[in-house]
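Here is a short briefing on one chain. Look at the sequence and the model first, then work through the points below.

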Amino acid sequence: MKKVKNFNDFDLLLAQEITNLDRFIVKSPLGTNEFWSEWQKKAGEIVVTKAAIKKAIRVYEKKLSPGQIVKLSAMLESFKEIASYLELLRETALKLKGIDSDGFNLFDTIEGENDEEI
């Protein structure tokens, strides 16, 4: 893991992380067909990426450095936050149509019953 040399390096790293995660922002108006298509694509990406990270950790666990495991764990946490954002959008879009959707959580759903937390 790289150490941040000064505040400017931190700003650059933060801007890079924001840019990397910006692809998960749903830009289509709530409840439109475009919204649901975009939402589904982004939710699918979360599911696939999470599965890939967890598989990489399981398969290469003994070959990964502690720093790499920390980085992968941080990525999982980021995806959990993004899943919460996507879930909030989904719930809001459904409520606009008069549909109550309590009890569903995208990230919990993709956690699976047999997943071990890192």
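Arginine 23 forms a salt bridge with glutamate 45, and their closest N and O atoms are 2.6 Å apart. Arginine 23 sits in the loop between helix 1 and helix 2, while glutamate 45 belongs to helix 2, so the pair ties together parts that are 22 residues apart in sequence. The model is predicted. Its chain has four helices and zero strands.

**Overall layout**

- The chain holds 118 residues, and buried residues make up 28% of them.
- Along the sequence, the pattern reads α-α-α-α.
- Helix 1 covers residues 7–21.
- Helix 2 covers residues 33–60, and helix 3 covers residues 66–96.

**Salt bridges**

- How many salt bridges does a search of the whole structure find? The search finds three.
- The bridge between arginine 23 and glutamate 45 has its closest N and O atoms 2.6 Å apart.
- Arginine 23 is partly exposed, because its relative accessible area of 38% falls between the 20% and 50% cut-offs.
- Glutamate 45 is also partly exposed, with a relative accessible area of 28%.
- Lysine 42 forms a salt bridge with glutamate 38. The closest N and O atoms of lysine 42 and glutamate 38 are 3.9 Å apart. This pair counts because the cut-off for a salt bridge is 4 Å.
- Lysine 42 and glutamate 38 are four residues apart in helix 2, so about one helical turn separates them.
- Are lysine 42 and glutamate 38 buried or exposed? Both are buried.
- Arginine 90 forms a salt bridge with glutamate 87. Here the closest N and O atoms are 2.8 Å apart.
- Arginine 90 and glutamate 87 lie three residues apart in helix 3, about one turn of the helix.
- Arginine 90 is buried, and glutamate 87 is buried too.

**Packing of helix 2 and helix 3**

- Two packed helices are described by the angle between their axes and by the distance between the axes.
- At what angle do helix 2 and helix 3 pack? The angle is about 155°, and the axes are 10 Å apart.
- Helix 2 and helix 3 are therefore roughly antiparallel to each other. The cut-off for that term is over 145 degrees.
- The crossing of helix 2 and helix 3 is left-handed.

**Nonpolar surface patch**

- Which residues make the nonpolar surface patch? Phe10, Leu14 and Ile18 make it.
- The patch has an area of about 280 Å².
- Isoleucine 18, one of its residues, is found in helix 1.
- Isoleucine 18 has a relative accessible area of 54%, so it counts as exposed. The cut-off for exposed is over 50%.

**Distances between residues apart in sequence**

- Alanine 56 lies in helix 2. At 25% relative accessibility, alanine 56 is partly exposed.
- Alanine 56 and isoleucine 69 are 13 residues apart in sequence. In space they are 9.8 Å apart, C-alpha to C-alpha.
- Lysine 27 lies in the loop between helix 1 and helix 2. Its relative accessibility is 60%, so lysine 27 counts as exposed.
- Lysine 27 and tryptophan 39 are twelve residues apart in sequence. Their C-alpha to C-alpha distance is 9.4 Å.
- Where is leucine 96 placed? Leucine 96 is in helix 3.
- Leucine 96 is exposed, because its relative accessibility is 61%.
- Leucine 96 and leucine 30 are 66 residues apart along the chain. Their C-alpha atoms are separated by 8.4 Å.

Notes:
Residues are numbered from 1 along each chain as its sequence is written. This is a predicted model: local features need pLDDT of at least 70, side-chain atom pairs count only at pLDDT 80 or more; totals for chains, interfaces and linings use all residues. Side-chain values use heavy atoms; hydrogens and water are left out. Patches are made of residues with over 30% relative accessible area and no salt bridge: like charges are joined within 9 Å, nonpolar side chains (Val, Leu, Ile, Met, Phe, Trp, Tyr) within 5 Å. Accessible areas come from the Shrake-Rupley method with a 1.4 Å probe; for residues, only the protein chains shown count as cover. A salt bridge is a side-chain nitrogen of Lys or Arg within 4 Å of a carboxyl oxygen of Asp or Glu. Helices (H or I, at least four residues) and strands (E, at least two) are DSSP runs, numbered from the N terminus. Buried means under 20% relative accessible area, exposed over 50%, partly exposed in between (1.4 Å probe, protein chains only). Axes are lines fitted to C-alpha atoms, for helices over the stretch in contact, and angles run from 0 to 180 degrees between N-to-C directions. Angles under 35 degrees count as roughly parallel, over 145 as roughly antiparallel, 65 to 115 as roughly perpendicular and the rest as oblique. A crossing is left-handed if the near helix is turned anticlockwise from the far one by less than a right angle, and right-handed if clockwise.
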